[in-house]
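Subject: Handover of a structure and the findings from it

Dear colleague,

Please find below the structure that I am handing over to you. A summary of the findings follows it.

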Amino acid sequence: MHHSPDQGIIDNIMEYQFRDIERKWQERWKDQGTYRVTNDPGRPKCYVLDMFPYPSGAGLHVGHPLGYIASDIYSRYKRLKGFNVLHPMGYDSFGLPAEQYAIEHGIPPAVSTENNIRNFRAQLDRIGFCYDWSREVRTSDASYYRWTQWIFLELFGSWFDRQAGKARRIAELTAIFEQEGNASYVCPGDRTLRFSAAEWISFDARRREDILMDYRLAYCGYGEVNWCEALGTVLANDEVVNGVSERGGHPVVRKKLRQWYLRITEYADRLLEGLQTVEFSESMKEMQSNWIGKSYGAEIDFKLKGGDAHIRVYTTRPDTIFGVDFLVIAPEHPLVPHLITDSHRTTAEAYLEYVNSRSERERMAEKKISGAFTGSHCLHPFTGQPIPVWISEYVLAGYGTGAIMAVPCGDERDHKFAQHFGLPVTNIIGSYYDGTEANPTKDAVLQHSDFLDGMVMRDAMAVVLDRLEAEGCGKRHVNYKMRDAAFSRQRYWGEPFPIVWKDGIAVPLPADQLPVELPPLDELHPGPGGEGPLANLPDWKHYEGGVREVNTMPGYAGSSWYFLRYMDPGNDAEFCSRAASDYWGQVDIYVGGTEHAVGHLLYSRMWTKVLFDLGHIGFDEPFRRLVNQGKIGGDSRIAYRIRGTHQFVSAGLKDAYETDEIHVDVSMVDGVVLDTEAFRNWRPDLLDATFLLEDGVYRCGNRLEKMSKRYHNVVNPDEVVERYGADTFRMYEMFLGPVEQDKPWDTKGIEGVHRFLKKLWRMFMHEERGLIVSQESPTDAEWKALYKMIRKIEEDTERFSFNTSVSQFMIGLNELYDLKCQKISILEQFLIVLSPYAPHMCEELWQATGHSGSILDQPWPAVEERYLVETSKAYPVAVNGRTRMEMTISLQATQAEVEAIVLADPSVQKWLEGKTPKKVVYVPNRMINIVV
RNA sequence: GCCCCGGUGGUGGAAUCGGUAGACACGCAGGACUUAAAAUCCUGUUCGCCGCAACGCGAGUGCGGGUUCGACCCCCGCCCGGGGCACCA
């Protein structure tokens, strides 16, 4: 079986006993504070950060540590390179699951969270990470969320000056209002609001506060939520299925509730521009800029036929204005009630009711076309032609103006809508439109387009915009897809707001009254009217003649700034001292999953910009470089039960039967071969299972799926570490493939990495004779093997290509092994470069070979180039691009010399078959190609 | 529907700038050591063909075209898989 220390074979201490070694060094590193980091302005810094986890009750599976191992290796590497490395870890410990768990099991969130963190920590510790745990942060600790609340107040106390392009204090805004009113500073919450200085001074306190609220970066407004009356609570989009709550199946409707928001839209341009200054993958930048969704177009007013009102649409294609066949407005559009005529009331209102029962997500996923005619018409701004106005859920109230001009010949959805309802389609693009499918081209020459006739569409754009503006029926407009971020939750387990409502005014608490602590609460019932559970605590709620805000902040509040707190975690006078943030600065490398591509990254980028604008920190992008680790998938094993029986048929034979699939726990399978005994004992209903074997064994099918309990394909890192050791586990996770790539977990391949470590051990240690390293001077060949390896490891580690660096270690060791090299001056350098990957073993061998001090603080070896100089190369020689042979030629050879050497070769002559070569392509140090 | 990322041996993957496709491993096959096993070591391993081997030939990086002396890599058109989404006008 596998190596076990319990056998007590004392004379085997020279064997690689990873369990003892790893335990020993983990304790020693802890005792000696090896990973403690100080803010030392005299040394170059490097800040390596993992996205901190939500401590879920399920614990870690083998996929979680992937990014942590990568960043750990990088941190250790940078330390060897002489950097002062900040590499902290903490917990994003507020969140919905703990609250749900409390409701179901009666365990307070604070307690279950504490337990989960303890488990997480134990699991992390076994893998040997170099975190400085003295800097740990937890978003649910009052000492932490005190500063989350403080930053919220900074947001609340600021507005965005569009002229300066930055946040400023509200006090400066009121000073401006007193001087000149708001003429120069458009109100972002209400574009039409205008007042003079005199008017401002005449407003009462309530009016002034309402106006200021429309400017604040953190503000209170009204927004639609998924409201479930039966549960008395608000539901997330994914808790709503087919218009009813996932839990209980109760009806869910859209309802307006008071909500806090962050005015992130004011930062849209800065968030876009900032992308050019950071190293994120192109796809990541693209996702963010798609989310921000800046577009240039026009707002155009369509007058209502027989009324004064008009419908304002937003379009990015004003050049298609003469192709408008109908207008579509969102069901929530405020004009809808005025537009519905009596003759169409029944169908239109039935449609509105149907839409109201659907969550936003469902409406977005809907492929069926639906809508209703209002009975009203608008007039075309240029021709005066009447245009029917329809309602449809495919137009969203929150985007643009909530109304569109439909041009079916140029827009796919408009076209489908027109076809579905039998509406006529005007063709303004001639042969570009084939009558069956819309064509969104900008290259067509316009027809049936009045004063635009004969123009190419992309040129017509400016012409029509000028005309719209001249006639006052429209104007150029820059639009953003991004909406302000909802910042309140009707929940308990989150940061309380430091806000007290008095006479309808939100009064911020002074900073010295922070934190507003989350009060203990035994039972987590929703409060009345959709408020959170905190509303059920009258003593807490009523405060200083007002009522506290009883909603709490969302999950992303604490995670938007945690990277700053690590720099100065114990500070109870500031969120982070300026000295600390000036020293550590931006996160040099940030490692985490793509699932946070838009949410978390955009929010923390915004918070950083605000803190920068207000002078609290000296940089306005938090993360200089971002690496997204891929997900590790589970490789499920599947057994096939013949339908209606207890007989299972092996994968190769299953096609002859009608079968049902059963997910088999991966621990009962060796490769794909099922341990049928273990399977029978797995569950009572399988006790009498019988098996149809092939080649004497039962083979399972396999399928790559999400690693999850319900597929029985979860592999726990603890088990792997117990069996092979942390060093093997670390290296194997890296060896699996590129960090960024999604990949399946298969424990089988781990043997190779484990053998590598054992083989390295044996380079130092003989089973009986003990240490066998020699003091002899190495040969040139040995130096060359070593330095070739070190150079490659260095390159690969810098570019986060850890799978190739692991293979390079194997290549290097194989070469030294073939050279029978046991020389200490070679091997000690090998240990240093390997130590970021396999720290426990390297530390042990470092000590065993008589070194004092930790290997973690050695300098990274300098590659001596002279051992790597090559004088000749074995060139591939190709004839017409097909490689035919290999010839060793001096690297100094000129084109003419190479031609002469190559063409004189008899086997080259054979391939030429007497023909004269047209030319010889010679790329020095690459290849030679003879073209015939 | 839209956006993004992928597709290379039996498996994970390598090829960093357009230059020897399959590094390094796993697995498998054969051998050595051993009473036996474990461990370790050695050899072979993309596919097909020439009876075996050597030598050699042909095909080959999802499919079909193209550019190039030369394409896993660049371009055009498809197919398949995975992920994301706020149907973005």
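Which domains does the domain assignment of chain A give? The assignment gives domain 1 (295-478), domain 2 (633-705), domain 3 (743-867) and domain 4 (870-931); domain bounds come from an automatic or database domain assignment. Taken over C-alpha atoms, the centres of domain 2 and domain 4 are separated by 57 Å.

This is a predicted model, in which local features need pLDDT of at least 70 and side-chain atom pairs count only at pLDDT 80 or more, while totals for chains, interfaces and linings use all residues. Residues are numbered from 1 along each chain as its sequence is written, chains are lettered from A and ligands numbered from 1 in the order in which they are written, and side-chain values use heavy atoms, with hydrogens and water left out.

Confidence

Chain A has a mean pLDDT (the predictor's confidence in each residue, from 0 to 100) of 88, and 96% of its residues reach 70 or more. Over residues 1-12 the pLDDT is below 50, and this stretch has 10 contacts in the model beyond near neighbours in sequence; contact means heavy atoms within 4.5 Å.

Cysteines

The structure holds zero disulfides, a disulfide being a pair of cysteine sulfur atoms within 2.5 Å. For C187, which is in no disulfide, the nearest cysteine sulfur is that of C220, 15 Å away. C378 is likewise in no disulfide, and the nearest cysteine sulfur, that of C473, is 13 Å away. C187 is buried, with a relative accessible area of 0%, and C378 counts as buried at 0% relative accessibility. Buried means under 20% relative accessible area, exposed over 50%, and partly exposed in between (1.4 Å probe, protein chains only).

P188 lies in the loop between α6 (170-180) and α7 (197-202); helices (H or I, at least four residues) and strands (E, at least two) are DSSP runs, numbered from the N terminus. P188 is partly exposed, with a relative accessible area of 24%. Not counting residues up to four places away in sequence, P188 touches R162, D214, Y215, R263 and E266.

An antiparallel sheet

Four strands form an open sheet in the order β19-β18-β21-β20, with antiparallel pairing; two strands pair if DSSP finds at least two bridges between them. Its edge strands, β19 (505-508) and β20 (542-543), each pair on one side only. Strand β18 (residues 499-502) pairs with strand β21 (residues 546-548) in the antiparallel sense over two bridges. W501 stands opposite V547 in β21.

Yours sincerely
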